[in-house]
Amino acid sequence: MKCYPWLINTYKEIIKQHQNKKAHHTILIKTTKGLGVLQLIKNISQWILCDNKNEIKYCNTCHNCKLIISKNHPDFYYYKDNNNKIITINYIRMIREKIFQYPKQGKNKIILLSNIEKLTESAINSLLKILEEPPKNTWFFLVDYNNLKIYSTLHSRCLIYTLFPPREKHSLHWLKNKNLKNKIFNVISLRINQGSPILAKEFINNGLWEERKKLCIYFLNSIKKKNLIKIFPILSINNTILKIDWICLLLFDSIQIHFNQKKKLTNFDEFQIIQFFSRNYNYFTLKKSITTWIKCRYRLLNISGINNELLILEQLLRWENILKFTN
Ligand SMILES: [Zn+2]
């Protein structure tokens, strides 16, 4: 059974509720990305559907387990279309139709809706009606990655779990066991990825560490020469959004210096950049810089048909103005 160590207790707790016949029909997990929550829900679902479970373990060999492993279980509904920005009422209607039919295998049905922020208002209302009185042996798992506060009625119909990233020392231990031995790399990668050990591992293994390093070299050079256009080629070529996030994190670090929080720095390997900003700019200028980057990031992500290169260039020129690089 593949279960991340930081999620084992939650797994055991939910399984226990099922063993004691006291499980809630809808579990809403509030969390951040990169903690393996979907894997957790799949594990719980497999346990629920398994014909030969042994205490908290599922067997992996029965017909139901095999169907789950091959992602073909007819009673496990998972909304997968990640490209789609919204989940419409039609999908919820389809779910409602399915759950009032007999299960195709065994007696349980599972519905997994990740990214509940994709639900339209009418989809939410339709879902609420189902959750008012769901049929027996139907288990809903909802995931909220954005800590949405607007769905209070939905919250009242769910058992809510809030899952945080593991403590840094536990994540470092996990990364070390994954053969990532450089502690400095590991600490920085964890902090850049909001404490997610899974994303930190990918960050190091998929070449993002090197890409960040390269950006920092260009960035340092460009601020020394007071010419931000120098980072344009590296910023616009790929992973633009990630690179904007890295720049913002460097600026956050400079703000941390103003507040004497040196121990909490994310990019402590890039002290020259952090120091440049903390020495030369006050809190308000740094905050303003971050705000303009966040606006630029938003526009890149949400306005279709826009010329991305032009947008980045415009932002760099605006930032030069804020930093008074221009005379
Ligand atoms: Zn099984």
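## Strand pairing

Two strands are said to pair if DSSP finds at least two bridges between them. In this predicted model, strand β1 (residues 26-30) is joined to strand β5 (residues 159-162) by 4 bridges, and the two run parallel. Within this pairing, Leu28 stands opposite Ile160 of β5. Strand β1 is also joined to strand β4 (residues 138-144), here by 5 bridges and again in parallel. In that pairing Thr26 stands opposite Phe140 of β4.

In a regular strand, side chains alternate between the two faces of the sheet. In β1, Thr26, Leu28 and Lys30 point one way, while Ile27 and Ile29 point the other way. Because 5 of the 5 residues of β1 are buried, the strand is largely enclosed by the rest of the structure.

## Overall architecture

The protein chain has 15 helices and 5 strands. Its C-alpha atoms fill a box of roughly 75 × 45 × 35 Å, taken along the principal axes. Of its 327 residues, 30% count as buried. Among contacts in the chain with a separation of 6 or more, 68% are between residues 24 or more positions apart.

The chain is divided into domain 1 (5-162) and domain 2 (207-322). The centres of domain 1 and domain 2, taken over C-alpha atoms, are separated by 39 Å.

## The largest nonpolar core

In soluble globular proteins, nonpolar side chains tend to be buried together. Here the largest nonpolar core has 65 residues, and Ile44, Phe141 and Leu142 have the most contacts inside it. Helix α2 (residues 37-49) gives the most to this core, with 7 residues.

The contacts of Leu142 illustrate its surroundings. Not counting residues up to four places away in sequence, Leu142 touches Thr26, Leu28, Leu113, Ile116 and Cys158.

Helix α7 (residues 168-177) contains the buried residues Ser171, Trp174 and Leu175. Seen down the axis of α7, its buried residues fall within an arc of 100°, so they line one face of the helix. An α-helix has 3.6 residues a turn, so residues three or four places apart point the same way.

Which helices do the buried residues of α7 pack against? They pack against α8 (183-192) and α9 (197-205). The face of α7 turned away from its buried side carries the exposed residues Lys169 and Asn177. Just after α7, Asn179 takes a positive phi of about 70°.

## The surroundings of Cys296

Cys296 is found in helix α14 (residues 283-302). Why does Cys296 count as buried? A residue is buried if 20 or more other C-beta atoms lie within 10 Å of its own, and Cys296 has 20 C-beta neighbours inside 10 Å, so Cys296 counts as buried.

Leaving aside neighbours within four places in sequence, Cys296 is in contact with Ile244, Leu311 and Gln315. The C-alpha atoms of Cys296 and Lys243 are separated by 12 Å, and these two residues are 53 residues apart along the chain.

Terms used: Residues numbered from 1 in each chain as written. Predicted model: local features only at pLDDT ≥ 70, side-chain atom pairs only at ≥ 80, totals over all residues. Buried ≥ 20, exposed ≤ 12 C-beta atoms within 10 Å, placed from the backbone. Arc of directions from axis to C-beta. Contact = placed C-beta atoms within 7 Å. Core = buried A, V, L, I, M, F, W, Y, C linked by C-beta atoms within 7 Å. Domains from an automatic or database assignment.
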